[in-house]
Amino acid sequence: MTGAASTGGTNQGLGDGDTMGIALGASASLHLGNNTTDAALSALGTHIGSDASCTWAPFQSEMEWEFACWAKLRGPTSTAINDLLSIDGVREALGLSYRSVTQLDALIDMLPGRPPFKCKTLSLYGQEFSLHYRDIIPCIQGLIGNPDFADHLVFTPERHYVDVEKKIRIINEMYTGDWWWFVQASLEKQCPGATVIPLILSSDKTQLTLFRGKTAYPILIGYLPSTRLEHITGKTAHQRAMANLFHACIHRILAAIEPYGETGITMATSNRSRYRCHPILATFVGDYPEQALVTCTLYGRCPKCLVPPDQLEAFVQYPNRNHATAYDLFSLGDQRTFHARCRTAGFQPVYCPFWKSLPYSNIFLSITPDILHQLSQGVVKHIITWITDHKAFGPAEINKRCCYLPPNYNIQAFPKGLTTLSRVSGQEHKAMCRILLGLIVDLLLLGGRSPQRLISAVRAMLDFLYLAQYGSHTTATLQLLDNALRRFHENKDVFVDLDIRSNFNIPKIHSLIHYSSSIALFGTTDNYNTEQSERLHIDFAKDAYRATNKKHEFPQMTKWLERREKVQSRHTLLQWQRLGANPPESAPDLTQNTSNWEVEMTQHPSARRVSFCDLVDKYGAVDFPDALADFVIYHNYPTLSSTAAQRQANNTLIPFNTVPVFHKIRFVDKTQESGTVDAASARPEKQGENGNAIPAQFDTVLVSRGSEAQRVAQLRVVFQIPTTAITELFTQSAPPTHFAYVEWFSPFPPQPEPNHLMYRISRSFRANRRLAAIIPITAIKRSVHLLPQFGPTVPRHWQASTVLEQCRTFYVNPFSDRDMYKSFELANLVHQ
């Protein structure tokens, strides 16, 4: 079971060193990642002075400490470390006092840390099970008191608006949603002055090894036992027993918060402010089987509403499941009546659901959207299967078109097509979504029938997928989300008409109807995305399991986790001391939608001297000298008429014939530490290490110059002007440092193409020559992926590396990444 930070905005979540199993929603930008430090550890820092021997205590030197960090954070096995330490002279050369992993672990155990794991034995169905878990209240107190979060904690709900009339809400972090308001109001009626501490729980059954079938529920605050209960042979009885075991374990872990949800418990922040905190279960994050298990609903039913199982395909809002009604049902004493009532209501007969006694919690509302399993691995997987069915487009032509798409930084290549992959990951399904519409827009259905309804259904679902992943929503964009789902339901019956489906009673398709309401309640989907928690299973289950001797593994896993946390936290503290220990900066304003991307160039060019002749022959910059003369005149004399400027350009002498050339432009987001977010290449053919030719690549980019409308261009050359010529050419003001020679595509038409809603553009020509220009690279805003207009069949002479030269008409791909979609397509959807 895992936790994910309830902070929306920027994919914030738990990472290495975070083992709470709970993330707090009381934060504007709470990122529980690699730099987490507990309040207890920070308190230790106050006792560390300038004395070097104290700085590394309980280690004797910096070298001892650095070796410990390497041993615990870089992944060597205990056997490998012991072997290294046993080599003659190694300990002496490094100045290490410990001789073995056992002695090293003893020193690490002396460091302060979070609450240790406990082991509780549960007896159910004639068997005993070991539950390894932590006390949840100290874990919450540690997070509230962590100075790393002091400037980011939010203790009251807020409402943000786009307009001064306060009609259009902004929703991103959990504290901007409605759930927090409702709970806060309820608590204020009972005991004014309450502080809500929203808790997020997540579980996902994880396979520890493919050979022995061992499984565990990795909870950041514990490991739940998983057993086959082989002595219970009946399928129904076995499922019931497994559900009861799960709920008994979670109830044991969460039992400590039950009284404090009502009465509150005093907690202090790192600045010694004290609050009466009410820890309350806010959301549960998990895939559909986990959702059914947690809510006790029968498989095939919706865990949130009362839709009949044979009406899951309907685009109708059914009443939500009632928490009070469920409470009464699970409180029945008579077993026969209880089982009968559960069957009628569509529940599993779990004797004591863990959520039954949690105050102010509604387990049915707490079930949140799951982008990974419901969309990427669910609905998208279904749609790809349906459109590649032989009764629709078939796999052959779609797979073939994958081979002819031009390369792009954000586009994954599928050289063998979409249907040839045996096991497709969520990331691969996302990559397929980026090209899916472009593969089918010009295809005809079997018998030459029009694909209009099918394309409309695919486009609608892609819109829903991208809108659902917005990091900040408004009431207007939530309406667009609902409209996209409506368009899908209006066109989905095309798959029934093609005899591909008989119905759409699929729980994952039905779950989409709850997305907008969940976002309004709990904030955007990145607050509770299962992708965050699934990544943690590598750290907290699989890596921990690999560090054991595979016998009685759970005690070893918990101890491995505790030691890793201690080293990680101490490492962070020492980094703070070295850098001056400045407090974290305020959280970025997530309501802003403008791009923060900036162009970043390498310090040295890829080729120091490229002649004008090579620019023509190898880079295709056929009008480079003329375009450079035009740029010089327009830079020096921006008010000249076009005729006068052309006359001046014709008389301009370029005093050099070689330029330094760069083969790549990188785009970085200065507000984040994510490195390169986009890139565009402009390089000629080259030889690979094995002697094979690597095809040339000249990417397409989006250009915005001053008041001019944005326009697509193909990047041909990125260069600098020799410093010796700058003062001679540019007499009025200093020029930019880097330039780009580009070939223009036609301006965007007033409206996109009907049905698939993509813009169609083509090459721009003047006097039968491609229209080209030189621009400062700061005018290049990002890369753009162009989808060739294939027609009914793909010309066989096309190639991915040359299709930009061979095809004349293209569609601008709005799905290459989320930033492209958000900035490029939003205006189109408003009118749909």
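Q: Hi! Starting with helix 9 and helix 11: roughly parallel or roughly perpendicular to each other?
A: Helix 9 and helix 11 are roughly perpendicular to each other. This is a predicted model, by the way. The two axes cross at roughly 75°, and angles from 65 to 115 degrees count as roughly perpendicular.

Q: How many Å do the axes of helix 9 and helix 11 come within?
A: They come within 9 Å. Helix 9 covers residues 235-254 and helix 11 covers residues 288-295.

Q: And which residues make the contact?
A: From helix 9 you have A243, F246 and H247, and helix 11 brings E290, L293 and V294.

Q: How do those divide into nonpolar, polar and charged?
A: The contact of helix 9 with helix 11 has four nonpolar residues, one polar and one charged.

Q: Nice. Moving on to helix 15 and helix 17: at what angle do the axes cross?
A: Roughly 55°, with the axes of helix 15 (residues 371-387) and helix 17 (residues 426-433) coming within 9 Å.

Q: Is the crossing left-handed or right-handed?
A: The crossing of helix 15 and helix 17 is left-handed.

Q: Which residues meet there?
A: On the helix 15 side they are L372, S376, Q377, V380, K381 and I384. They meet G426, H429, K430, M432 and C433 of helix 17. By type, this contact holds five nonpolar, four polar and two charged residues.

Q: I also have my eye on W386. Where is its place?
A: W386 sits in helix 15.

Q: Buried or exposed?
A: W386 is buried: its relative accessible area is 5%, and buried means under 20%.

Q: What does W386 touch, not counting residues up to four places away in sequence?
A: The list is A392, F495, I500, R501, F504, I506 and I509. I500 is worth a look: W386 and I500 are 114 residues apart along the chain, yet their C-alpha atoms are separated by 6.6 Å.

Q: What about contacts in the protein between residues at least 6 apart in sequence: what percentage join residues at least 24 apart?
A: In that group, 70% join residues at least 24 apart.

Q: Let's switch to strands. Why is strand 27 largely enclosed by the rest of the structure?
A: Strand 27 spans residues 772-776, and four of its five residues are buried, so the rest of the structure largely encloses it.

Q: Which strand do bridges join to strand 27?
A: Strand 23, residues 739-744, is joined to strand 27 by five bridges, and the two run antiparallel.

Q: What's the order in the open sheet of three strands?
A: The order is 24-30-29, with antiparallel pairing. Strand 24 (760-762) and strand 29 (786-788) are the edge strands, each pairing on one side only. From one strand to the next, the twist averages 45°.

Q: How many bridges join strand 24 to strand 30?
A: Three bridges join this antiparallel pair, where strand 30 is residues 809-812. I761 stands opposite F810 of strand 30.

Q: Last one, zooming out: how many helices and strands does the protein have?
A: The secondary structure comes to 32 helices and 30 strands. As for burial, 54% of the protein's 832 residues count as buried.

Methods: Residues numbered from 1 in each chain as written. Predicted model: local features only at pLDDT ≥ 70, side-chain atom pairs only at ≥ 80, totals over all residues. Heavy atoms only, no water. Pairing = 2+ DSSP bridges. Axes fitted to C-alpha atoms, helices over the stretch in contact; angles between N-to-C directions. Left-handed = near helix turned anticlockwise from the far one by under 90°. Contact = heavy atoms within 4.5 Å. Nonpolar A, V, L, I, M, F, W, Y, C, P; charged D, E, K, R; others polar. Buried < 20%, exposed > 50% of the residue type's maximum accessible area, 1.4 Å probe, protein only. Parallel < 35°, antiparallel > 145°, perpendicular 65-115°, else oblique.
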